[in-house]
Amino acid sequence: MSDATDTTTGTGGGGGVPAPRPAPLAAPPASMPAGPQDGDMTAELEDAYWAVHDGAAAQATVREVLGRLPRITARIGRLAWQADRPATLAVVGCQLASAAMSAFGLMASVAVLRELFAEGPTPDRVRAAVPQLLTVVGFLAARALLEAAVAVAQARVTPKIRTALECEFLRLTAHVRLEAVEDASWHDDVHRASDRGLYFARQIVGQVVSLASAALGLLGTAGVLGILHPALLPLLLLSVLPVGAAAVRGARNRFRSFMRWNALQRRVRVFSWLLIDVDAAAELRSDTAQGALLDEHRRLTTRIAEEDTRLGTRSAALNLAGRTVGGLGTGITYLALGAMLIAGWLPLAAGAGAVLAIQAGQSSLTRLVDVAHLVYEHALWVDDLLAVQERCRRLLPRRSALRAPDRVRTIALDDVGFTYPGKDTPALDGITLRLHAGETVAFVGLNGSGKSTCAKVLAGLYEPQRGTVRWDGTDVSGMDAQSVHAQVACVLQDPLRLPFSALSNLTVSTGTLTEAEPQRVLDAARAAGADEVVAGLPGQWGALLSKRFRGGQELSGGQWAKIAVARGLYKKAPLLLLDEPTASMDPPSEHAVYEAVLRGRLREDQITVLISHRLASVVDCDRIFVFDAGRITESGSHDTLMALGGTYASMFTLQAGGYRPRDTTAAAAAHHGTGGTPEETS
């Protein structure tokens, strides 16, 4: 259906003030670059709808990142809890126990050092340290087992979160109202949520677990240092803060580098798509344009290589600076620790344990910074996914206990109006009509006149913004929307092409891909001429209609049209809508379909609405409605409308004239302004 187009008049119509004429176009220069040449090669690219959150972590302050982490952790925890409670409890419990084992292991290591540095012969020191060594080994083994348990529990809960989110996402997007699907902004949101939100929803669970592990490890280290000596806590800060600052700088630089790399790759992909695209292949070859595109591609890739080198050099310099600052902080920390040992504030064993703890703290903080930035940015994508799901819930069709009837005698539209979002001119403006069981009617008119929009309103795909649609006197707006859709069969100009079996492509109209009523299927296929299509397929009804599968078959446009008509006829709905169903068929096939629809109907009480620009196909319809600018301007049988001599008669006469042989002698004489013979005018 194709009436979702702008129905406003052009600049030269409607009696409005014409637009000012542009200045005459000057000749172009003899040479001009095909695209941007200098400066930032990423600056000219528009931000892609699917990249709105890329680099967010690089732009956020440390306070913003840290401030959001508790909320992010809580949200992921709720998702995990809903997906698998036992596995979630196992992750949390094992993670806490693992952190405790790490801290206890560090304390046991200090005990080992204390025994080794105690007074006495060396063999005695080693023998005295054996119990503590075994304790350290025990803690390390317990920690390894607990981390394995965390991994197993995480492996259970992560796929369940992804599955739950994906199933709910697809359920919602598959059922939203049609006008939402036709909204470009909705498409952007949904594709972004599908491409990025679902992907990062799977990644973020493990990242939150790593974040918690790093945070608990840092807290455990601080606890151990506090037990050894409270004065060691400031030393931990002195050691880890420079490392943390360097880690933050490095993480942000990596994010910015990735953003630039991604944008540059988008520039290059333009050429990749053009060079391998099947739609562009014929014209590229006939124009011998491949060389020009390859030259431009080579120019860009050379520039991108230079950009990559520059970014890599800058990243190396930043990493060196960060490590230098971190090294200075660590050096100052060790000097202060040495001073404490010389002053006698710490025994030697405690000092050695402090070194181990500080190194562990630095490692935990670096990991915490890296993972925190990932979690922050990826959580934005998960939030985006959940927001899109919530938007889809608000766009679901109405649910009601009142169901649409299996049979309908009369469908009435009273003063129906409908305007597409973002449009000023209504697509339907005061439509009133009555359709009766067993009747075949046609909607005709120019493109954008309202034909297809009216059909969508009849089908319950659009809800009228003014007026009512009634089935046997009952307002459709009070019925369950999905039950209305179940009683309408639509056959469109560009039909659905399911990559399943030929049989599934018919039975899907009744809500199943696997179950069929054999004789009903055969009757529908014969009526539409699809029986010959299926009979010629290897495997016939079981043939897969997609080249994606081994042995799959590809149908022509006309063959798909026959399958689509058969699908609509198989549904046996009380209302059958056909919107240019035979546009891609050859004349014999088109004639056979109209014979089936107009005279060989499978359900005698069916209301059939035919939308067509080929007026010869609507001659035998019981009534014809002529649409113009969202209104019905004429209605009646073919003979009545021809006698009226209005818009329909003009359009029919114009089309019929195209099939009459032209008088070439008269046409040539008129062209030359003479009455000469054919020989004289040829």
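Is F625 buried or exposed, and what is its relative accessible area? I looked it up: F625 is buried, with a relative accessible area of 4%. For my notes, buried means under 20% relative accessible area, exposed over 50%, and partly exposed in between (1.4 Å probe, protein chains only).

A reminder to myself: this is a predicted model, where local features need pLDDT of at least 70, side-chain atom pairs count only at pLDDT 80 or more, and totals for chains, interfaces and linings use all residues. Residues are numbered from 1 along each chain as its sequence is written, and side-chain values use heavy atoms, with hydrogens and water left out.

Next I searched the whole structure for aromatic pairs and found eight. Rings of Phe, Tyr and Trp (its six-membered ring) pair if their centres lie within 6.5 Å; planes under 30 degrees apart count as stacked, over 60 as edge-to-face and the rest as tilted.

I checked F200 and W381, a stacked pair at 6.3 Å centre to centre with 25° between the planes. This pair links distant parts of the chain, 181 residues apart: F200 lies in helix α6 (residues 184-228) and W381 in helix α10 (residues 348-394). Helices (H or I, at least four residues) and strands (E, at least two) are DSSP runs, numbered from the N terminus. Both F200 and W381 are buried.

Back to F625: its ring centre is 5.9 Å from that of F443 and the planes are at 80°, so I logged the pair as edge-to-face. F443 sits in strand β3 (residues 440-445) and F625 in strand β9 (residues 623-628), 182 residues apart. F443 is buried too, at a relative accessible area of 0%.

I also noted that Y199, F200 and W381 form one aromatic cluster.
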